Amino acid sequence: MNADPAGSEQEERAALARLVPAGPVERGLPPELHSHHKDVLMQLIDIDRERNGADPATKETVTVPARTRRPARPVLLAACVAVAVAATLTVGLVTGQRGPDGGHGTTATAGTRGHGAVVTLDRIAAVALRTDVEPVRDSQFVYVRTRVAENEADWEQPVRPGVLHDREAWFSQEQGPLVQYGLIRENGEDSPIRILVPEGSDGETAGIDRPTYAWLASLPTDPAALLKRIYAETPVESGEDQDQAVFDRIGELVREQVMPSATAAAIYRATARIPGVTEVDDAVDAAGRHGIAIAREDERMGLRTEWIFDPDTLAYLGERTVLSRDSAMGSAGTVFDTRAVLERAVVDRKGQQPRSGSGS
């Protein structure tokens, strides 16, 4: 919906009221979804106001460098729920349609792509919240098998794609300090996963640099509080785009860990609050699977990172990075690196493969 910045509050209330069917529309909607849909609606209103030139001074600024939020208008909750549900159902129908070229079409235009990302992330979060996840014990390892191809050329040289291959990784779930916390098996060789710590240190405890299931379970499940926490704990190098650093760090958590359903849902809803997040209607992972993508462009680097999800189930498929502008490395749209998650499991030993139960 497009809010007219010059319109009166009374007119906005009347417009919203016209969208609400007669009768108690919220009957039968689970209580937790009221707040979710209301939050989605307010984010959509924020995007509309920003695009239509609303005065930023009228907004309440949050303490993290993410979305600035206007205090909620005093509209009926029933109206908020009805509009948000309608938007969710509409996007759900649109993203399931296939275009003439076999891709997944969308009605989103350049002016509404932010809307699409917010609503799609809310849909992904709703799926995550309904997914049963078995808790991971501290003594276990998270196993991830990924198909990858990475750029092998130097920076600012023409992209030279590496050979597509499978990579296996095992991540320790120990909470105490560790220096070596996992194993990577790639091209027939095993390499330890280590974290850089000062000489003589016992290592690093579980945290954002060494995530575990238990650490993820300890995070706040309120999206605003969670995002504030991730911004505070994500290291940023000089000149680096902090919003991009947070987006990339969340992408690593989504790709390489098993997390509680409530945490996963909060992660996706928090991502919707990061400035610059958009939706790509068709992206392909390293296994050749098409999906919709949640993306963000690092303008300084000229790269766009895309998280790819199955267009029907909204399950996570993989990630790719493409050139976002023409440069010495290639033309816009050139794939810089790509990966697809083929298998994710929990095992009892480092090196153990879930399919055979064997390993070192």
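**Group meeting: a walk through a predicted model**

Glutamine 244 sits in helix 7, residues 242–256; helices (H or I, at least four residues) and strands (E, at least two) are DSSP runs, numbered from the N terminus. Is glutamine 244 buried or exposed? Glutamine 244 is buried, at a relative accessible area of 2%; buried means under 20%, exposed over 50%, and partly exposed in between, with a 1.4 Å probe and protein chains only.

A word on the ground rules. This is a predicted model, with local features needing pLDDT of at least 70 and side-chain atom pairs counting only at pLDDT 80 or more, while totals for chains, interfaces and linings use all residues. Residues are numbered from 1 along each chain as its sequence is written, and side-chain values use heavy atoms, leaving out hydrogens and water.

How confident is the predictor? The average pLDDT of the chain (the predictor's confidence in each residue, from 0 to 100) is 77, and 67% of the residues score at least 70. Residues 1–10 stay under 50, with 16 contacts beyond four places in sequence in the model. The pLDDT is also below 50 over residues 49–113, a stretch with 121 contacts beyond near neighbours in sequence. Where pLDDT is low, the predicted coordinates should not be read in detail.

Now the chain overall. It has eight helices and nine strands, and 46% of its 360 residues count as buried. Of the contacts between residues at least 6 apart in sequence, 60% join residues at least 24 apart.

Arginine 147 gives us an example in strand 1, residues 141–150. Arginine 147 is partly exposed, with a relative accessible area of 26%. From arginine 147 to alanine 286 is 139 residues in sequence, yet 6.1 Å in space, C-alpha to C-alpha.

Finally, a helix pair. Helix 6 (residues 223–233) and helix 8 (residues 261–271) pack at about 80°, with axes 8 Å apart. They are therefore roughly perpendicular, the word for angles of 65 to 115 degrees. Pro223, Leu226, Leu227 and Ile230 in helix 6 meet Ala266, Ile267, Arg269 and Ala270 in helix 8.

Key
Contact means heavy atoms within 4.5 Å. Axes are lines fitted to C-alpha atoms, for helices over the stretch in contact, and angles run from 0 to 180 degrees between N-to-C directions. Angles under 35 degrees count as roughly parallel, over 145 as roughly antiparallel, 65 to 115 as roughly perpendicular and the rest as oblique.
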